[in-house]
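Dear colleague,

Please find below the structure that I am handing over to you, together with its sequence. My findings follow directly after it.

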Amino acid sequence: MYYEIYGQGKPLVLIHGGGSTIETSFGRIIPFLAKRRQIIGVELQAHGHTNDRDTNLTFAQDAEDVATLLQNLDIAKADFLGFSNGGQTTIEIALHHPELVNKIIVASAFYKRSAATPQFWEGFKHATLDMMPQVLKDGYLKANNEQAGLINMFNKDVQRMKVFKGWTDEQMKKITAPALVISANADVGSPEHAVEMYRMIPDCELAIFPGGHGSYLGAIESLDNGKWPAFNATALIEEFLDKA
């Protein structure tokens, strides 16, 4: 499992989105976050530099992989920022490894299928590689210059979303870590769902930014000509993590 470490201080684990790498999801925000804390960026199974295994992708397995990495790094507790599918992995970590968690940030993720439009789910039935944003394909090939690996990652990500069941309201109510839910007003999940998740998690804050899926984090697939909006989530994330 590939990972990168930046900075020093209290650890913050960054978990990328589907089809993404550390660089494509977080390359713009890492230099800011690493000024006062230790950043641990991971690349999950079949993504970026990380090898695959002969199993389907699951958020539960990703959570176990991240937990094992932290154990190997002798990190007893950390904060977690998960973007998109990384947000779903973060939910799994908060539910099944609460002993590892200080705080969680769930960014542009959802916990139930009704968060997204029927057209979003229908799209996975006919998804082909040419539908994947070119910047994400380029990002994968920069990390692992293997076309077969790119196709494999894409197919496994699609399959995982085809069978996505999510979590119940009762499960979300069992998350004990302080949480920050961030979404965009033109995100994959609706603003109404972001509000619903905010109300389900007992100790939770909510922020909704203008823009698209992860643009407030600098996620490369959502930037306008590569330009990160000046009004972004950096200061909000810092304030949330620093709060006693």
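In strand β4, Ala78, Phe80 and Gly82 point one way, Asp79, Leu81 and Phe83 point the other way, and all are buried. Strands here are DSSP runs of E with at least two residues, helices are runs of H or I with at least four residues, and both are numbered from the N terminus. Buried means under 20% relative accessible area, exposed means over 50%, and partly exposed lies in between, as computed with a 1.4 Å probe on protein chains only. The strand is thus described as mostly covered, with six of its six residues buried. As background, side chains in a regular strand alternate between the two faces of the sheet.

Please note that this is a predicted model, in which local features need pLDDT of at least 70 and side-chain atom pairs count only at pLDDT 80 or more, while totals for chains, interfaces and linings use all residues. Residues are numbered from 1 along each chain as its sequence is written, and side-chain values use heavy atoms, with hydrogens and water left out.

The sheet

Strand β4 belongs to an open sheet of seven strands with mixed pairing, in the order β1-β3-β2-β4-β5-β6-β7. At the edges stand β1 (2–6) and β7 (204–209), each with a single partner strand, so one side of each has no neighbour in the sheet. From one strand to the next, the twist averages 15 degrees. Two strands count as paired if DSSP finds at least two bridges between them. In general, such pairing runs through backbone hydrogen bonds, either parallel or antiparallel.

Strand β4 pairs with β2 in the parallel sense over four bridges, and Val13 stands opposite Phe80 in β4. On to β5, five bridges join this strand to β4, and the two run parallel. Here Leu81 has Ile105 of β5 as its bridge partner. Ile105 also has a bridge partner in β6, namely Leu180. Strands β5 (residues 101–107) and β6 (residues 179–184) pair in the parallel sense over four bridges. Helix α10 (residues 234–242) packs on the sheet, where it touches β2 (11–15), β4 (78–83), β5, β6 and β7, and its direction makes about 155 degrees with that of β5. Touching, or contact, means heavy atoms within 4.5 Å. Axes are lines fitted to C-alpha atoms, for helices over the stretch in contact, and angles run from 0 to 180 degrees between N-to-C directions.

Ser84, Asn85 and helix α4

Ser84 is found in the loop between β4 and α4. Although Ser84 is not a glycine, its phi is positive, at about 60 degrees. Most residues other than glycine have a negative phi. Ser84 counts as buried because its relative accessibility is 13%.

Asn85 lies in helix α4 (residues 85–96) and counts as buried at 10% relative accessibility. The side chains of Asn85 and Gln88 are joined by a polar contact of 2.9 Å. A polar contact is a pair of N or O atoms within 3.5 Å; within protein, one must be able to donate a hydrogen and the other to accept it, and residues adjacent in sequence count only if both atoms are side-chain atoms. Leaving aside neighbours within four places in sequence, Asn85 is in contact with His16, Gly17, Gly18, Phe59, Arg160 and Met161.

Helix α3 (residues 59–72) packs against α4 at an angle of about 70 degrees, with the axes 8 Å apart.

Ser108, in the loop between β5 and α5 (118–123), is not a glycine either and has a positive phi of about 55 degrees. Ser108 is buried, with a relative accessible area of 5%. The side chain of Ser108 makes a polar contact of 2.6 Å with the side chain of Tyr216.

Tyr216 is found in the loop between β7 and α10 and counts as buried at 0% relative accessibility. The C-alpha atoms of Tyr216 and Ala107 are separated by 9.5 Å, and these residues are 109 residues apart along the chain. Not counting residues up to four places away in sequence, Tyr216 touches several residues, including Ala107, Ser108, Phe209 and Trp228.
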